[in-house]
Protein chains: 4
Amino acid sequence: MCPNDTHPASGAADAVDSAKPGPPPAAALIEDLVVANHILFDQGVVDAFGHISVRHDKRPDRFLLARNMAPGRVASEDIIEFSLDGDPVNAAGRRVYLERFIHGEIYRKRSDVMAVVHSHSHSVVPLTVVKGVRLRAIFHMAGFVGQGAPVFEIREAGGDATDLLISSNHLGRALADHFVDHDIVLMRGHGSTVVGGSIRQAVYRAVYAELNARYQLQAMQLGGEVTFLSEGESRACVQNVEGQVQRPWDLWVEQARARRNG
Amino acid sequence: MCPNDTHPASGAADAVDSAKPGPPPAAALIEDLVVANHILFDQGVVDAFGHISVRHDKRPDRFLLARNMAPGRVASEDIIEFSLDGDPVNAAGRRVYLERFIHGEIYRKRSDVMAVVHSHSHSVVPLTVVKGVRLRAIFHMAGFVGQGAPVFEIREAGGDATDLLISSNHLGRALADHFVDHDIVLMRGHGSTVVGGSIRQAVYRAVYAELNARYQLQAMQLGGEVTFLSEGESRACVQNVEGQVQRPWDLWVEQARARRNG
Amino acid sequence: MCPNDTHPASGAADAVDSAKPGPPPAAALIEDLVVANHILFDQGVVDAFGHISVRHDKRPDRFLLARNMAPGRVASEDIIEFSLDGDPVNAAGRRVYLERFIHGEIYRKRSDVMAVVHSHSHSVVPLTVVKGVRLRAIFHMAGFVGQGAPVFEIREAGGDATDLLISSNHLGRALADHFVDHDIVLMRGHGSTVVGGSIRQAVYRAVYAELNARYQLQAMQLGGEVTFLSEGESRACVQNVEGQVQRPWDLWVEQARARRNG
Amino acid sequence: MCPNDTHPASGAADAVDSAKPGPPPAAALIEDLVVANHILFDQGVVDAFGHISVRHDKRPDRFLLARNMAPGRVASEDIIEFSLDGDPVNAAGRRVYLERFIHGEIYRKRSDVMAVVHSHSHSVVPLTVVKGVRLRAIFHMAGFVGQGAPVFEIREAGGDATDLLISSNHLGRALADHFVDHDIVLMRGHGSTVVGGSIRQAVYRAVYAELNARYQLQAMQLGGEVTFLSEGESRACVQNVEGQVQRPWDLWVEQARARRNG
């Protein structure tokens, strides 16, 4: 009952730096990662929890992720470099996210993935817990959801008394295995993780996965048969609609700046 | 998987100017179109996507529409003139919306239409994908919805592997055909398009179509029979309630200005 | 199809002053009525439409109501005095609400009523159109809803081709008849009207009627039997909970001032 | 029908001070309690109603609670000290909450409880009134909800004509009895009460109880079987996830300050 700041399953969140940092990442990459944190908060994808990482632009075996804090408050000095094992290399004692293993193991599994968003966005959570129901692409903005997102059931890899957190490389690998044929994976009783070829694409997908979930929840309540995107439509939407990812990004950056500069 | 800034089905969104611009439209028309963009964003009808056009006041074979950008950020210098074929005449290299064909083909089909709004507003999308369900006028503010809005199924005109976008004159015409007896048409897995006799009326209808959809979704979940407006009631509401379109417009303009002047 | 600023069923909304104004109402009453307009907008009960009136404190056969405008923008100079027939006495050519007859006829019917709110709040509208479903008190803040609010069906008094507006004394009386045993009446395909012994009580009830509707919509979707308040509970809640009406009023006034003073 | 500022069942809310105050509580405790009031309002857990108390840090037989006012407006000078009987000791004539008995009786029953939140948050209320439905932990942030929160039915202790308020020590004890094996109790037709080992934990739980309810309402509408947390998962989540309670607290404090300082 008594809250506890350390996490038994994953070792302490105050992890010790395991190696030397790589060459400094491009300043623009850090800047994008910081504003991506703010956007995910502003757009309601994350609250105090959830995180976004990017693969290091000079060392593909490293990734960048904020220290343990609310995304809406992240600044450039809060970004830490990690190995794919989830070990920080320049934390200097700062606390890190319990679930950093999500990121490292996906980057290891999928060399094309450049950014990862983990969140508990509001309409996605209900779709993780209903037997026989899968998130599926319902409108053209979310073709990347495809013909049915897999649901990661942590009981299979971790037993039925876990805290549902991806707090070890073992659990990270079990989750990453679901990304072989998919760009979004739901996590039962928890949330979802979505990947992209860039920060902007991953942010775009996190926002529109939530909207797809919201529309699907509403459509399914009407009782009639729901027409989802066909496989061909999903693919075409990814090709063409996601070519416009800069448009929402520009808007969201402007909103993020306006909110923070008052 | 790799995002792509050009659009194969419609030719590049960087369309080449096809003709000379007409005489300059009235400054008040441009001003209304700009604030209409802001209102649609403020009122939640559009996010970074969706658009509103107006027929050129001096050349009925031309229409005005913003360049490819989020509506909430549009300024007067972003407005471009188009032919009814959807070709820009003064884009000067600026990127244009992939779906400009929606606007041109409707103006061609319906000479009484002076403004067109295309959006993916939140409660409308679910009503585009459920078999046997049609958006129908449920309250007096939305008489224009009438006795059941048609749902445009792009598979009929474009096959089952499109990106769902109205990215050609062919698809634009197929959509416009649904407007013969209707002022709003839903688009499966996509959103809706609504028309009006003025910018103010089209904005009004876009806002209240979303509310009608929201109320209909909720009413249908209760299981009992729903009483929709009769045909006579729908007509009377259009005649009388829409006579008050200036009231919300004044409020929305005030809100749009307050938000932008901070 | 062409919008029309006058209203055929009720005569012009530019009504001619019919009599001399009474003695000036207390300044505090006007001030309360103005801030009540702002509160109803801030709290989401009204948008550009809907209105609140108060009975004249020195002439019980008169009431005070804003001119035809969005409630969120009302200032003290916009308040007009009306006879119970709905005729303005000091409009001086300003346009008035089409539905002023709601207010006059209720004040005539119920001498204990001092304030009336008419609105189309979001969760109430769906509950006006489903056969066999009635708004009923579901929690202690809304005891005034009682054992089932009546639904006014305008077709009974006005036929099946009206614009649903209460645009005449005849329709106003038909609506007012439903208030004999009730303090809130739903209006099919339109919204609701709620009364109170003071501006503060009527505003309180308008806000909590919307919440009661929202909770009832959600509870009814779960399929199980819903426990509503008993008749004794409803009465006790009105007696005791509504004794605290000053608490939300103080909060709402503070919010209304903060929003308007930036 | 006439509102009444005193409460017959509980004696006047203008309670007379019954004893001498204890030694002054730590300034930081008062400060936390004040900001907790603001956070609960900002995060949508309370509106003008609802309250949070903390056990006195120097006298475990006393607790601290604001005077009768909206939580969002509470300042340090509004905090009053109470005995566990719910009698104020330094109200000096200020009006107190009718339902202060909730707090005293829970502190008496559960010596480990240091903070109590009572609210009517939006998604919880519907779950208090449907037969056969219980709030249950659906995601990892809300393990404290456990395997089914009890619903307090006031009719058992107070008959079927109460105002549903916990306005006496008798009713407070009947409610407190439900907390023996639970940290959250729903109250039929009313709301809920949640306890914690600190202000921060109680606030965290009040926020995430609302989200759990929201997700559960949505999941149950899909018709399929819902997978809730197992008993072991619930326990592990309380142990580990609630160890991170400082993260949302820091965010919420920042938001509360920003909103109040403009």
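Me: How do I read a salt bridge here, and which side chain does B:D177 meet in one?
Reply: The general idea is that side chains of opposite charge can pair when their charged atoms come close. In this predicted model, B:D177 pairs with B:K109, at 2.6 Å from N to O. B:D177 lies in the loop between α5 and β6 (184-187) of chain B, while B:K109 is in helix α2 (residues 100-109), so the bridge ties together parts that are 68 residues apart in sequence.

Me: What does C:R259 pair with?
Reply: Its partner is C:D42, and the two side chains form a salt bridge of 3.4 Å, N to O. C:D42 sits in helix α1 (residues 27-42) of chain C and C:R259 in helix α8, so this pair ties together parts 217 residues apart in sequence. For the accessibility, remember that buried means under 20% relative accessible area. C:D42 has 19% and therefore counts as buried, whereas C:R259 is partly exposed at 48%.

Me: And where do the partners C:E105 and C:R173 lie?
Reply: C:E105 belongs to helix α2 (residues 100-109) of chain C and C:R173 to helix α5 (residues 169-176), so you are looking at a link between distant parts of the chain, 68 residues apart. The closest N and O atoms of this salt bridge are 3.7 Å apart. C:E105 is buried, with a relative accessible area of 2%, but C:R173 is partly exposed at 43%.

Me: How many salt bridges does the structure hold, and which residues of chain A are linked in a network?
Reply: Over all chains there are 88 salt bridges. In chain A, a network of them links A:R110, A:D112, A:D183, A:R205 and A:E242.

Me: Which residues form a positive surface patch?
Reply: Look for R214 in four chains: A:R214, B:R214, C:R214 and D:R214 form the patch. Take B:R214 as the example. Its place is in helix α6 (residues 199-220) of chain B, and it is partly exposed, with a relative accessible area of 32%.

Me: Let me stay with α6 but move to chain D. Is D:Q216 buried or exposed?
Reply: D:Q216, in helix α6 (residues 199-220) of chain D, counts as buried at 1% relative accessibility. Setting aside residues up to four places away in sequence, D:Q216 touches D:R134, D:L135, D:R136, D:I138 and D:F228.

Me: What about loops? Where is B:L164, and what is it in contact with?
Reply: B:L164 lies in the loop between α4 (154-158) and α5 (169-176) of chain B. At 2% relative accessibility, this leucine counts as buried. Beyond its neighbours within four places in sequence, B:L164 contacts A:H140, A:L229, A:E233 and A:C237 from chain A, together with B:E99, B:I154, B:R188, B:G189 and B:H190 from chain B. As for distance, B:L164 and B:D32 are 30 Å apart, C-alpha to C-alpha, and 132 residues apart in sequence.

Terms used
Residues are numbered from 1 along each chain as its sequence is written. Chains are lettered from A and ligands numbered from 1 in the order in which they are written. This is a predicted model: local features need pLDDT of at least 70, side-chain atom pairs count only at pLDDT 80 or more; totals for chains, interfaces and linings use all residues. Side-chain values use heavy atoms; hydrogens and water are left out. Helices (H or I, at least four residues) and strands (E, at least two) are DSSP runs, numbered from the N terminus. Buried means under 20% relative accessible area, exposed over 50%, partly exposed in between (1.4 Å probe, protein chains only). Contact means heavy atoms within 4.5 Å. Patches are made of residues with over 30% relative accessible area and no salt bridge: like charges are joined within 9 Å, nonpolar side chains (Val, Leu, Ile, Met, Phe, Trp, Tyr) within 5 Å. Accessible areas come from the Shrake-Rupley method with a 1.4 Å probe; for residues, only the protein chains shown count as cover. Lys and Arg count as positive and Asp and Glu as negative; His and the chain ends are not counted. The place of a charge is taken as NZ of Lys, CZ of Arg, CG of Asp or CD of Glu.
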